[in-house]
Amino acid sequence: MNPENLSPRTIAVSVGRPSGDGAPINQPIVLASNFRNAPDYARTDGTESWQALEHAVGALEGGRCVSFASGQGAVSAIIFALRPRVVIIPTVSYLGVRKLFELMGARDQLDTVQVEITDTPGVLAEVERRTLVHGADKVLLWIESPTNPTLDEGDVAALCAGAARLGARTAVDSTFATPMGQRALADGATVVMHSGTKFIGGHSDLMIGLASTTDDAVHDALVEARTFVGATPGALEAFLALRGLRTLPIRYEASTRNATELAARLRAHPGVEWAKNVGPMLSFILKDGASAADRACASVRVIVQATSLGGVESTMERRQKYAGDAHVNPGLIRMSVGIEDVEDLWRDLSSALAS
Ligand SMILES: Cc1ncc(COP(=O)(O)O)c(C=O)c1O
C-alpha cells in the first residue's frame, strides 16, 4: 500500500496496522522496555506501538514522524535537534512554548524575537536581520498557525519559502490545524509538530507529542533528542493516540461544521464584539469584558469549562486570566468545539451569555 495514492481519510484509517495472515488488525500495546536476545531498548529503539502511530502520522503529514511524551517534549526535541541561537515566534502563541524559550533565554541558551505572524513581509524582514547577525543556520522561524488563542493565520507557504530563501529553517506548530487543516511539510516547513494530546488523540485521555520532517538528518536528530533527553511516549498513549487518529477526519469535519455555525450565530449576538473559527477552534470576545466572559464560562452546562482542547466534547475558557496570555483581550473566550448536536451547544452557549 502506497500512502501517496490515498486520501487523508483513508490514510488515517489504514496506515500503521500489522500485516500478514493472522496478524491482529490493531498494533498491540507493547509493554516492554527490554527485549530477549537483542540489543534493543525501548527508549533507544522505540517500540512497535510508537512506530505504528509514527507511520500513520508521518503518512498524513507527508514525512517521517517521531513521537514524544507530550507536545512540549516535541518542542524541546526540535530545539535540541536544530540548535538555533535565535527563535522568531508569534507574539500571540501557546504560552507554554513561549515560556520554554524564555527559560532558555534566562540560561543564555536562546534569544527569542516576537513578531506578528500575519505580517509576512515584517516576519521575513526579521528573519533576514537575524540571519545577518547570527548566521542563517542559527535562525529558526517558529510558525504557530492558527495561533493559540487568537486564531491568527500566517501564510505558512510564503513564510517557509521566504525563510528557506534566506537559509533559515522553519518549525510549524500545527496543533490547532491538525493534518486535516494544514500540510506544513508540503508548504516547505523543515519540521511540523503537534500536541497530539489535542485533536489527534481526540478524547482528552492522553498526552503525546508528534514531530514530522522530510529531512532524514533532522529526523535522526529528533530521534537522538528523544533518546538522550528522554521524552519518550508511553505505550498505552501511543495506542490510544493511533485509535484517536483513525477518526480524526470525521471528527474534524463534524466539529468544524459545528464551530462554523456557532461562529455565525455569535457574530450576530448583541453581546459579542468579534468571533472567528478556524476549523473546530472558535474564539470570541464579549463586549462586557472579563467579568462577562468569566460568568459565561462558569454558566455552561453541556460545554465544559476546561483548559485543554481537541476532544469530542466542547470546552471553553477565558484565556487572559493566565499570566502568559495577559496580552490578549480580557473578554476573549477560546472554545474547542466538539461533535455534540449544534442546537444543544447553541442553547447552552446563548443561555450562558445571557447569565
Ligand atoms: C499550540 C500548542 N502547542 C503546544 C502545546 C503543548 O502540548 P502538550 O500540552 O501536549 O505538551 C499546546 C498545549 O496546549 C498547544 O496548544
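Start by selecting helix α12 and what its buried residues pack against: β9 (281-286), β10 (304-305), β11 (315-318), β12 (332-336) and α13 (342-353). Helices (H or I, at least four residues) and strands (E, at least two) are DSSP runs, numbered from the N terminus. Contact here is C-beta atoms, placed from the backbone, within 7 Å.

A quick note before you click on: this is a predicted model, where local features need pLDDT of at least 70, side-chain atom pairs count only at pLDDT 80 or more, and totals for chains, interfaces and linings use all residues. Residues are numbered from 1 along each chain as its sequence is written.

Now colour Ala-293, Ala-296 and Cys-297, the buried residues of α12 (289-299). They sit on the same side of α12 because they cover an arc of only 95 degrees around the axis, taken from the directions from the helix axis to the C-beta atoms. Buried is 20 or more other C-beta atoms within 10 Å of a residue's own, exposed 12 or fewer, and partly exposed in between.

Next, the ligand: 14 residues surround it, the closest being Ser-70, Gly-71, Tyr-94, Ser-195 and Thr-197; the C-beta cut-off is within 6 Å. Show α4 (71-82) and α5 (95-106), each supplying at least two residues of that shell.

At the boundary, 23 residues of domain 1 contact 21 of domain 2. On the domain 1 side, α1 (8-14), α5 and α8 (178-181) give two or more residues each.

Terms used. Two residues are in contact if their C-beta atoms, placed from the backbone, lie within 7 Å.
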